[in-house]
Amino acid sequence: MNFFNHTATRKKWMAIAGLIWLLYLVFHLLSLLNFHSGKDTFNDFYHWFSQTPFYAFMLVLLIATLIFHVITAVSRQLYNNTSAGVRYQKKYPEAIPRVLAWGGAAALFAFIVFHSVQMTLLIDKVDLYQSIVSMFSNPIMWLIYGLGLITLAAHLHHGLTNVLQTFGLSSKHHHAAAIGIVLVVVVSFISIPMSVIL
Ligand code: HEM
């Protein structure tokens, strides 16, 4: 039995990769909240942080865990499809949730790639604060970031529900906890573009 069809091992490592991303998201949104403290605090933090060795380490860890998470999920789905035979050949409308789940995950992946390239290579970092203000004056960016945050909310809710269940929380509690965490994350991110237009 190889790694990709050993359910327990695969699930454990996918969850660890997901949790590393969740930790990054919490760090990312806490540092982004500096935006509300004004231009100098925000720019100074990012100028300092991008010079530290931890920044390069973090980028490598994020790329590696994202690639691992995606490859494992896709391989597992392909393995399920071929091994389960007709059991998985569901007819419309039962197939919709899986199409939606994969469509949402693909859209989130596209957003992460777009946003990372935009932030690491394309944006002017001399005055990062002003660059973010200009970026959110463009309605297309609202659309892209809006879709990114919706797909993030759905994916995070799905992942957290699974992880919290594994930690033994009752179904009522793990749903409430997952929704609470997702709301805090999404509302914190939205506060950045909102403060640009208000
Ligand atoms: C309103 C929403 C968001 C804003 C304003 C924002 C802003 C930023 C900024 C300013 C950077 C560059 C930091 C630097 O120069 O070091 C960055 C990088 C990055 N962001 Fe976001 N971000 C948002 C949402 C997200 C979301 C939802 C994700 C993931 C799902 C994400 C993932 C990343 C990644 C992977 C990087 C590259 C690594 C880094 O430089 O920290 N961001 N973002």
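Predicted model: local features only at pLDDT ≥ 70, side-chain atom pairs only at ≥ 80, totals over all residues.
Biologist: Lysine 39 counts as partly exposed because its relative accessibility is 35%. Which residue forms a salt bridge with lysine 39?

Modeller: A salt bridge is called when a side-chain nitrogen of Lys or Arg comes within 4 Å of a carboxyl oxygen of Asp or Glu. Here lysine 39 is paired with aspartate 127, and their closest N and O atoms are 2.8 Å apart. Because lysine 39 belongs to helix 2 (residues 39-51) and aspartate 127 to the loop between helix 4 and helix 5, the pair ties together parts that are 88 residues apart in sequence. Aspartate 127 is likewise described as partly exposed, since its relative accessible area is 21%, and by this rule the count comes to 1 salt bridge.

Biologist: To place those elements, how many helices and strands does the chain have?

Modeller: The chain has 7 helices and 0 strands, so that reading along the sequence gives the pattern α-α-α-α-α-α-α. Of the 198 residues in the chain, 34% are buried, a class that requires under 20% relative accessible area.

Biologist: Let us turn to the metal: which protein residues are donors of the iron atom of the ligand?

Modeller: The protein donors are His28 and His115, each through NE2, at 1.9 to 2.1 Å from the iron atom of the ligand. Because histidine 28 lies in helix 1 (residues 7-32) and histidine 115 in helix 4, the pair ties together parts that are 87 residues apart in sequence. Both histidine 28 and histidine 115 are buried.

Biologist: And what is the geometry of the site of the iron atom?

Modeller: The site is octahedral, with 6 donor atoms and angles among them of 88 to 178°. For six donors, that label needs opposite donors to be over 155 degrees apart and all others to lie between 65 and 115.

Biologist: Where around the axis of helix 5 do its buried residues lie?

Modeller: The way to read this is to list the buried residues and then look at their directions from the helix axis. In helix 5 (residues 128-135), the buried residues are Leu128, Tyr129, Ser131, Ile132 and Met135. They are on the same side of helix 5, because the arc they cover around the axis is only 165°.

Biologist: Finally, how far apart in space are serine 116 and leucine 59?

Modeller: Here one sets the separation along the chain beside the C-alpha distance. Serine 116, which lies in helix 4, is 57 residues from leucine 59 in sequence, while their C-alpha atoms are 9.8 Å apart. Serine 116 counts as partly exposed, at 34% relative accessibility. Glycine 180 counts as partly exposed, at 32% relative accessibility.

Conventions
Residues numbered from 1 in each chain as written. Heavy atoms only, no water. Buried < 20%, exposed > 50% of the residue type's maximum accessible area, 1.4 Å probe, protein only. Helix = DSSP H or I, 4+ residues; strand = E, 2+ residues; numbered from the N terminus. Arc of directions from axis to C-beta. Donors = N, O, S within 2.8 Å, 3.2 Å for Na, K, Ca; no water. Tetrahedral: all angles 85-135°; square planar, octahedral: opposite > 155°, others 65-115°.
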